[in-house]
Amino acid sequence: MLSVELHTHSSLSYDGRDPVELILEQAEAVGLDAIAVTDHDEIDASLEAAELAPDYGLVGIPGMEISSKAGHILGLGLEKAVPPGLSFESTLEAIHDQGGLAVIPHPFQESRHGVMARISREQLALGDAIEVYNSRLFTGRANRQAERYARSRNLPMTAGSDAHISEMVGQAITRVDADDRSADAVLEAIAAGRTTVEGKRTPWRISIRQFAGGVTRRVGRVFNLIR
């Protein structure tokens with residue numbers, strides 16, 4: 001079984017803080033086997049992380065968190081960026097066109113761009129897997145909803161730290177029964193449902209700090225653009 005982190009953000013995300021090297025160092029330090037950097041509507045840092053990952057004893061999985069019209073979707077195993085602003089179904093299609101895997105993160109957390117604010121339960125089942133444990137939670141209700149849904153539809157389940165600072169990498173992991181130690185094998189095992197999830201809550205003070213830092217960085221970037 002491989003320990004895999006499927007949901008992290010680097011400084012390339014508008015709300016991320018750290019470069020990929022710090023993320024990979026943390027992943028190595030906490031004993032992960034594989035990691036995906038999934039920046040918001042950006043893929044360059046993820047491609048860099050996937051290339052550097054072997055230097056840290058890790059399998060790198062390229063991907064991104066795509067802002068569809070319905071909400072956020074993780075595309076894993078991508079070679080190029082999927083554009084934001086497409087419909088839910090079109091975003092899934094664009095991921096699949098690259099041979100990628102579409103994981104629906106925090107689907108029931110509507111305040112964090114979960115897709116269930118804008119799609120039906122039948123549409124949600126079109127995803128390849130459901131993130132059923134996101135460590136950035138306050139009550140855990142949305143995670144429980146996601147797990148109940150995935151089990152009711154017999155959909156593969158994943159976990160993710162949704163880390164926006166390197167220290168939180170590895171808070172939530174997906175145990176993957178992969179045939180070998182490669183990105184392709186990890187994604188194939190996830191698609192086949194050979195996963196278990198485990199994780200712990202990101203401390204509230206850090207969640208608030210991550211949120212506040214993201215707002216500050218976003219405002220700073222907007223200010224720089226209009227100068």
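In what order do the five strands of the open sheet run? The order is β4-β5-β6-β7-β8, with mixed pairing.

A word on the ground rules before the points. This is a predicted model, in which local features need pLDDT of at least 70 and side-chain atom pairs count only at pLDDT 80 or more, while totals for chains, interfaces and linings use all residues. Residues are numbered from 1 along each chain as its sequence is written, and side-chain values use heavy atoms, with hydrogens and water left out.

1. **The sheet.** Helices (H or I, at least four residues) and strands (E, at least two) are DSSP runs numbered from the N terminus, and two strands pair if DSSP finds at least two bridges between them. The edges of the sheet are β4 (63-67) and β8 (157-160), each of which pairs on one side only. On average, neighbouring strands are turned by 35° against each other, direction ignored. Axes here are lines fitted to C-alpha atoms, for helices over the stretch in contact, and angles run from 0 to 180 degrees between N-to-C directions.

2. **The hairpin.** β4 and β5 are joined as a hairpin with four residues between them, and their antiparallel pairing runs over five bridges. Serine 67 faces histidine 72 of β5 across this pair. In the turn, glycine 71 has a positive phi of about 145°.

3. **Strand β5 and its other partner.** β5 (residues 72-76) also pairs with β6 (residues 101-104), again in the antiparallel sense, over three bridges. Here leucine 74 stands opposite valine 103, and leucine 76 has leucine 101 as its bridge partner. Is β5 buried or exposed? Five of its five residues are buried, where buried means under 20% relative accessible area, exposed over 50%, and partly exposed in between (1.4 Å probe, protein chains only). His72, Leu74 and Leu76 lie on one side, with Ile73 and Gly75 on the other, so to speak a strand covered on both faces.

4. **Helix α5.** The 13 residues of α5 (residues 141-153) reach 19 Å from first C-alpha to last, close to the 18 Å expected at 1.5 Å a residue; the expected span is 1.5 Å times one less than the number of residues. Its buried residues are Ala142, Asn143, Gln145, Ala146, Tyr149 and Ala150. Arg141, Arg148, Arg151 and Ser152 are exposed on the face turned away from the buried side. The cover over the buried residues includes α4 (121-124), β7 and β8.

5. **The cores.** A nonpolar core is a set of buried Ala, Val, Leu, Ile, Met, Phe, Trp, Tyr and Cys residues joined through side-chain atoms within 4.5 Å. The largest has 26 residues, and those with the most contacts inside it are Ile73, Phe88, Ile104, Val115, Leu124 and Ile130. At least two residues of this core come from each of β4, α3 (88-97), β6, β7 and α5. A second, separate core of 20 residues includes Ala129, Ala183, Val186 and Ala189.

6. **Histidine 40.** This residue sits in the loop between β2 (34-37) and α2 (44-52). Histidine 40 counts as buried because its relative accessible area is 8%. Beyond its neighbours within four places in sequence, histidine 40 is in contact (heavy atoms within 4.5 Å) with His9, Ser13, Tyr14, Asp15, Glu65, His72 and His164.

7. **Lysine 80, for contrast.** Lysine 80 lies in the loop between β5 and α3 and counts as exposed because its relative accessibility is 56%. With neighbours within four places in sequence left aside, its contacts are Ile43 and Gln98.

8. **Backbone points to look at.** Most residues other than glycine have a negative phi. Histidine 113, in the loop between β6 and α4, has a positive phi of about 65°. Aspartate 162, in the loop between β8 and β9 (172-176), has a positive phi of about 55°, and this aspartate is buried, with a relative accessible area of 2%. Asparagine 154, which follows α5, also has a positive phi, near 55°.
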